Amino acid sequence: MIEARGLTKVFQDKKRGAVRAVDGVSFRCEPGRIYGLLGANGAGKTTTLRMLATILTPTAGGATVAGFDVVAEPEKARASLGFLSTATALYGRLTAREFVEYFGRLHGLSEDVLGERVSALLTRLEMTEFCDRRCDSFSTGMKQKTSIARVLVHDPPVMIFDEPTTGLDVMTARTIISFIRECRERGKTVIFSTHVMSEVEKLCDHIGIIHNGRLLAEGTLEDLRVRAGIRDLEDIFVKVVFEAGGDSA
Amino acid sequence: MSLHNVGIVYRKELMDSLRDRRTLISTIVMPLLLIPVMTIGFGSFAVSMVKKAEKETPKLMILGGEDSPGIVSALRRLPDADFVPDAGDYARQISDKVIRAAVRIPPGFEASLKSGDPESVEIFVYEGELKSELGGQKLRAFFDDLRQRTIESRLAERNLSTAILRPFTVTKKNVAPEEKVGAALSSAMLPYLVILMCLTGAMYPAMDLTAGEKERGTMETILTSRVSRTHLVLGKFLLVLTASIATALLAVTSMGITSRMAADMFAKDLPAGAAQQFKLSISPQALAAVFALVVPVAVLFSAALLAISLFAKTYKEAQSYISPLMIVVIVPAVASLMPGVELNWRLALVPILNTSLVSKEIFTGTYHWNFIAVILASSCVYAAIALAAAVHLFQREDVLFRT
């Protein structure tokens, strides 16, 4: 499970002074559910997810990942999560197998368990043909599969996806979407950020609309439709942002 | 689990670096190739230049001497020298390398030699220009010989022995250890080279493992894994240190082999003393002592380079930060080569310069244990500060995610 309580992040900017990138964001996501964080570029999605992944420390508020506090027990929190985004690249000079094994070892897997786990993953993700080639020669699809193998190698109960389909072609994006669904079926807690409405409609059990660092609306797709009195998610998003006095562009 | 992760990070970085052509070039190829090419290449060039200059028949000019025909004709008979007529503008001709040197014979020189009046012969050369100096030497040798013969004949006329001119002799005896005499040049150069190689060996991996990772997007990937930032930076630091020390060791090995080869190659072309200057004769104890002193310097470089490169967002930006550091390191290392710069308690606390100076002493067989202890301790303190700074910076998200 993931629970965020008043998560806040303030950055010091030389020109703009103190910038509240995330401002008091609270939500929770249960195992076997997908929580979609919907927002435009610069809304605060990545900063929120980076705080959950313990890459950034919250300025105020807090969060727990699988019961571990992200500030007090960051290593245990990281051990319980898999984080995937288009910004998380591969080590080009390692092979896919070496890359996945490296992360497995860092997560404390014994060599026996690691060997079995990696072989099973490479087979399941249909990577056996290219898994002993260096990552710098991979196509985008191969890279995404390798990244998926990385986040799965330690079998974490929580998965965080930060705009995982940005810049991907349709076929690769579909692989990612079906993988996210699979995570839910396996009972994992999934947080998913995007600005693509169709992906949210397809995937998410619960949606949070984030703008200017604040969580403006939250609920299931049906809840949001009823509250806004509109069916189309894009229209709902624009209405929510507009009512909050923000720029919907 | 804890330190185990440092080892995992280190092994991965080692494997990664060994597959990186740029790291291999800066760590292995450069010291193994550059030093032999520089030593033998430069040595051969210098030797061939000297030989060429010696073979050349210099053009010389005699100024005056109309009333000293005997001396002028003896000069003209000198082998391997061409004499040109007195054109008056000897200084310009020497500067323009038309002639190499000139000699002014004073009026009535031959008559003065006979009468015993003192006279002064002037030789004009372009100082610092090898061929001009060689031409001047030829003229000087002629007049030295003439003076000697004049003295001998004057003594003979008075029935005196030439021994009267040498009531006693003075001989200089060396008390420095044998290796100190033999390897003066190489012992001065070696610490400088080792320190420089420690820096260049660490430079590329330090940038690749920090700014390079940020640029390639793998920094965020690794930060989402379970490994703590302290263990991550320690693993990376150990790899940079390995590269630094490996480069220095390869440089010393390469220099050891090359210097022997160069000494043998140039032995027949150079005077015995000069050839000996190429030869490195270092005892294993000296090498071990210098190695122990260089390790903290390598730690200092590795940690400082990691910390500086971590600030950069890209590899190129890291390069622009690190280039000035090269000068900061080279200046104290070169300062140790200057004559007269000797170890004292103040200099023993100056990082890099202290190690360079004490290593020079050790290589030439002198062990100042008090200085060695102070230098080792101070270097360790500097290294610890740099490493603590690197670890601290890795915890700062404004450095890791600088935009």
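Mentor: Happy to! Let's begin with a rule: two strands pair if DSSP finds at least two bridges between them. Strands (E, at least two residues) and helices (H or I, at least four) are DSSP runs, numbered from the N terminus. The model is predicted, so local features need pLDDT of at least 70 and side-chain atom pairs count only at pLDDT 80 or more, while totals for chains, interfaces and linings use all residues. Residues are numbered from 1 along each chain as its sequence is written, and chains are lettered from A and ligands numbered from 1 in the order in which they are written.

Now find strand β3 (residues 34-38) of chain A: four bridges tie this strand to β9 (residues 206-211) of chain A, and the two run parallel. Along that pairing, L38(A) sits opposite I209(A) of β9(A).

Step back to the whole sheet. It is open and has six strands, in the order β6-β7-β8-β3-β9-β10 (chain A), with mixed pairing. At the edges are β6 (81-85) and β10 (214-219) of chain A, each pairing on one side only. From one strand to the next, the twist averages 15°; angles run from 0 to 180 degrees between N-to-C directions, with axes fitted to C-alpha atoms, for helices over the stretch in contact.

Finally, look at helix α5 (residues 140-152) of chain A, which packs on the sheet and touches β6 and β7 (158-162) of chain A. Contact here is defined by C-beta atoms, placed from the backbone, that lie within 7 Å. The direction of α5(A) makes about 160° with that of β6(A).

Note on methods
Contact = placed C-beta atoms within 7 Å.
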